[in-house]
Structures are given as structure tokens and as C-alpha cells.
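Visitor: I am new to reading protein models. Could you walk me through this one?

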Amino acid sequence: MKKLLFMLLVIVAAASACKKEVCENPFYCKWDTPFEVPPFDKIKLDHFKPAFIKGMEEQMAEVNAIINNPEEPTFENTVKAMEYTGELLSKVQRAFGPLNSANTNDSIQALSREMSPLFSKHRDDIALNEKLFERVKSVYENKTKFNLTAEEGKILEDSYLSFIRSGIGLSPEDKDKLRGINQELSLLSVKFGENLLAETNGFTLVIDNEKDLSGLPAGVIAQAAETAKAKALEGKWVFTLKAPSYFPFMTYADNRSLREKLFRGYMMRGNNGNEKDNNEMVAKITKLRVEKAKLLGYSSHADFVLERNMSKEPERVINFLDQIWKAALPVAKEEALAQQEMINKEGGDFKLEPWDWFYYTEKIRKEKYDISDEQTRPYFAVDKVTEGMFYVANKLYGLEFSERTDIPKYHADVKSFEVKREGRHVGILMIDYFPRASKNGGAWCSAMRAQKVDKDGTFVTPLVSMVTNFTPPTGDTPSLLTPEEASTLFHEFGHALHSLLSNTVYSSGVSRDFVELPSQIMEHWVLEPEVLKVYAKHYQTGEVIPDELITKLENAGKFNMGFTTVEYLAASSLDMEYHSLSEPVDINVGEFEKKAMEKYGLISEIIPRYRSTYFSHIFSGGYSSGYYSYIWCEVLDADAYKAFRETGDIFNREVAQRFEKEILSRKGSRDELEMYISFRGKEPGIEALLENRGLIAK
Ligand SMILES: [Zn+2]
């Protein structure tokens, strides 16, 4: 008996030792966390590098197995088989992504720099693999034999074209050249993002004289005092370049020279001639992109990118932007004039400058509409706005959301929700609301695990992560949002719904200039009176937002749209200018930007929403020759929302079901215009957009 017990103990010990050894690196084990969310509490920095390398090796072995398959190439044994390679690699990347973008530090950044050329090489080892291409090409040329579904047909076409676009047809020397460019580009964009984060964190405006706070709302002052305290500057007030600190200061601070100081800090990011300067990155990235495009037989980087977008070619985008520019610029000029008049009336003896714009806009808004963000903030507590968007998703798509506290998170601030429909699990949504030094600026949504059907036929549910940089809570006051922040929350939630409601076999990507349709359509609901009545409740009294305030919000809705449109279009055009270059020339970034803006006739009181050295969308994100996508998609979302409006019911279930079926659920599995027409019955026109922005009379 004793002996048996001993033996059992030995076996148990051996089993657990073995398990322990195998699971020393959590990436090599099946995750027993709820919904297989990455076990962030167990993953250590040291686990990433070996797992990344093993992941790449495994994928190469899988690719080689496909190549060496003695059977004739078929969709099943080649294209479909490729879709299921690299499971480990993507498992590691899914856990690394959120840390790298929203909870980073020097070691994570160093690892990202170290890995980026290796990833680039790995991607090229697959994309430039002749033998693999031969098989894909054979399937592509014989596609009628395989009885493919529409989705499979699209995957096959995407796969075939991606080989061509990756340079499979190039000579061996040119392929080597391309590999070099890809590696350099990937490192440069990592460096661009790192510099920008350092520059954004590096600037602060410290105020020690209370008088200099004149004009600022109490909540903003309290936040600045807390920031000072966190920086061991107790008793002072610190303003930063993070959106919830920067924009209120620019909007309310009476001290003009301090506004100028903060503004210059913001607009000079990456352009200070220090070791974090991004001028060289922009020049090099731009030049390498042209070189790459030329090598691949395109006349510019924009031609290369847009070929696979809904817009297809740069000329269409440029003409489209021009049409809106012509409508918006005169409106912006009128807005500038009105502000100058106010300055003169107040006896200010100066010309309106960009650091005055937000301030005087706010004054005019107050005068004309008697409304300010400070009046509405108490009704926009972040939890209430979150409830509001869940309400909309419930009315439209029948989704239910419940908070889960047992789900591992990459940072303590993250909130997790389980999403269900008719009792069935749909996916997990994580939201990370507030700024911190370890987080990139802006707002984004990403799929930590995309929906798909696994090779064994199991339906894989999505894990979706939303990241924003909203006004943080201070002391006893919860986070109180501006209507614009509330709208951003709905926007990112729209991306989240796109991921949550997708229902495809493969996890195919969506074109850059279509992907903002699901997000931007959600923005239409945020200030609808019917929706406001549900969520916009005073955070102290619980009182529902008064009708009078709703009317004011509505009336002020189209205010300052000249500016909003022009600063956005200026950045879009700057993006198109950089990427329409047809020769790999050395540019002086400052001069290039200046000339481009002069060409469009941008007025001196407005600067582009992003200047070159902090335009991360196009130099470190995936939006190169794609920043136009937001307004391109606005044509679609304005028209699509009309489909709800026309029924007299903004929650019309039939329209919502059609939107889900034809657009959300399909992801990138079909041509975009086809999807849109299946939903709407016709192509969209530009009028709804211009009307919504108040740029033409209704
Ligand atoms: Zn978006």
C-alpha cells in the first residue's frame, strides 16, 4: 500500500515536472484562461523572443510541408492550408501587440526593434517563395475546377495578388533589393513611433502661478494638479500633450502666450533637432516607399497601395478630396473672419493665430449657441456613455454585454466584457480608456483574436480590444467626457462590432478605405435625442439630460465644420503628396510640407491635423496613402445612416439585419462596392456627407 502510494507520488511529481517544463513558456501551452485570453499575468518579457523565433520556424516548416506535398496543388492543400499556418506566431503577436502599443517600456521597445527586421525577413521568405507561388498560381489558373465558395474565391485572388504585389516576379537581384527595403522600412516605422511617444511624453507646461490658470474649468485644473503631484511637483499644475490635457488648455486658457507655448510643444513634436527627431525618418521612409513602388512596376507608392483599395487609383482620391476642399475652405475662412472680429471687438490688437483657434471657437460657440463642453460633461460619465453604446448595439443587433472580472488583462485599467446574443457567447470586448506614459496617443481598436473557423471546424470567437485616451477621473469625480470623446468611443465600438459580428471561415482583412464605414456609422447614434435620453444622466443627481441641452447640442452640431474638415483634408492631402512622388528623391521635410500646403491654399490660421513629424498614421501605422479613408467612408456612412432614417426608426431591425448580413458579417470576403450595393440597393452619393457637415444647404 505504501509502495503504491509512493509510486503514485512519483508519477504525479514526474507528470507535474514534465508539465512545468513544457509550460515554462506560456506560449507553448494551451491557455486555460477564460475564452483563451492571453494569460498576461503569466507571460513575462523573456517568453516573447524564443516564442517568436519558434513561431517563425514552425510556420516555415508548415510552408515547406505544403510545398513538398507530392499531390497536385488544390485549393484545400495549398491556399486553405496556408491560411492555417503560423498559429504559434500569431498567438505570440496577439499578446505582444497590446503591450507594445498600450503598456510599453524600454525593454518592450528594444524587443520590438530587434524583432522587426526578422519579421520582415520572415514575411519575405514566404511572399517571395517561388515554389509556394507555383502552387498558388496553379490553383488560381485552374480555379474553376475547385468549386469554390465566393469567400474562397476572394481568398484565392487575394493570395495570388499578394505574391505578385510582394515582388515574386522580380529578378533575384531585385528581390534582394526589395528585402533590404522592407527590413529598413519596418525598422524606420518602429523608430518613428518610439520617437513620437518620447517627444509626446517629453514636453510639459508647468504652471506655478494660479493666475495663469484663468479661464480653465475646475475639472481641468484638478487634473493638472494631479499630474503635477504624480511628477513630484505638488502645489503646481502640469499640462501635457496628451489629448485630455492639451485640448482643454487650448480651448479655455486665457493666457495667450501660454497657449502658444503649449501649441508649439505639440506642433514641434519630432521636429526639435534632438535625438528623437523624426525628419530623417520621414525623408527616408518616403524615399524607400517610392523605390519599392518603382521596383514593383508602379509609378508611385499611392498607385501601389490604392490598387487594392475601394478607390483603386490616386486620381480618384485626389479629385474627391478636392471637391470637398473647395466646399470647406470658404467656410473655414468665414470662421476665421468671425474669430478675428471677436478679437477686434474685445480690443485685442493681434492677428488670429493657430493657438487662438480653439479658444475663440469656444467663445463664439458660447455666444451663438450658449453651450460648452463643461455644460455637457456631467451627463457624459464614461460608464454611462459605455452603457449607451451597449444599448444601441442591443437595439440594433440584439447583443448583450456583461462585465467580467476574471479575464486576464495587459494593464490593470482594462475593463472586460463578455458579449452574448440570445444566450450564446459572441466574443470578449476589452476597453482601456485613459492615457498613461506607456500608451500611444489616439484611439484604436484591434482584434486580439479574429473570428474564423478553425481547420477542425470549430468556430473561433473574437477577442476585441479598444484603446482610447480620454479625460481621466480625478479625485472623487469620475471620467467625464466631451461629446467628441463620446463620439470617439462609439467610433471604436463600431470597429469592435465589425470584429464581433464577423462570420466568415477565414479571417480576411478589410480595405483601408472601407473599414471606417462600420465605425463611423456608429457615431450617428451618439447624440441622437432618443439615445441621449437613455444614457446621458447627470453623474451626481442621475437627472436625464434636459431637452434644452439636447437642442443646443443639435444646433451647435455643424459649428466649426469648416475648420474640422480643412485641418483633416490638409493632413489627407499631405499624405497623398508624399506618396504620389514618382521619383526616390531626398526631400527636406519642412519645406516639402510647407510647399504642399501652399499649393492647396491652406490658411495660416490652420495647420494640418497631423504635421509630418508626428503623422503616425502614415509613417508608423498602416494608413500611408490612406488617411483620406475617413472622409471617403463618410460618403458611405452618411448614406448608410440615411437608410435607417428613411424608415423613421433609427433602430430599424430590418435595416440593421441587412447591415450586419451584407457588411459587418462579411469582413473582407467580398468586393466592397458589391457589399455596399447589396445593403443599400444603390451606390452612395457625396451629398449626404456635405449636408451632414453643413457644407451645402439641405
Ligand atoms: Zn476608425
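This is a predicted model: local features need pLDDT of at least 70, side-chain atom pairs count only at pLDDT 80 or more; totals for chains, interfaces and linings use all residues.

Visitor: Where does F35 lie?

Guide: Residues are numbered from 1 along each chain as its sequence is written, and side-chain values use heavy atoms, with hydrogens and water left out. Helices are DSSP runs (H or I, at least four residues), numbered from the N terminus. F35 lies in the loop between helix 1 (2–22) and helix 2 (45–67).

Visitor: What is the phi of F35 near?

Guide: Most residues other than glycine have a negative phi. F35 is not a glycine, yet its phi is positive, near 55°.

Visitor: Is K667 buried or exposed?

Guide: Buried means under 20% relative accessible area, exposed over 50%, and partly exposed in between (1.4 Å probe, protein chains only). K667 has a relative accessible area of 10%, so this residue is buried.

Visitor: Which residues coordinate the zinc ion?

Guide: Donors are N, O and S atoms within 2.8 Å of the metal (3.2 Å for Na, K and Ca); water is not among the atoms, so sites may look incomplete. In sequence the zinc donors are spaced H-x3-H-x20-E. At 2.1 Å, the coordinating residues are H491 (NE2), H495 (NE2) and E516 (OE).

Visitor: How many residues apart in sequence are the parts that H495 and E516 tie together?

Guide: H495 lies in helix 18 (residues 483–500), while E516 belongs to helix 19 (residues 516–526). The pair therefore ties together parts whose separation in sequence is 21 residues.

Terms used:
Helices (H or I, at least four residues) and strands (E, at least two) are DSSP runs, numbered from the N terminus.
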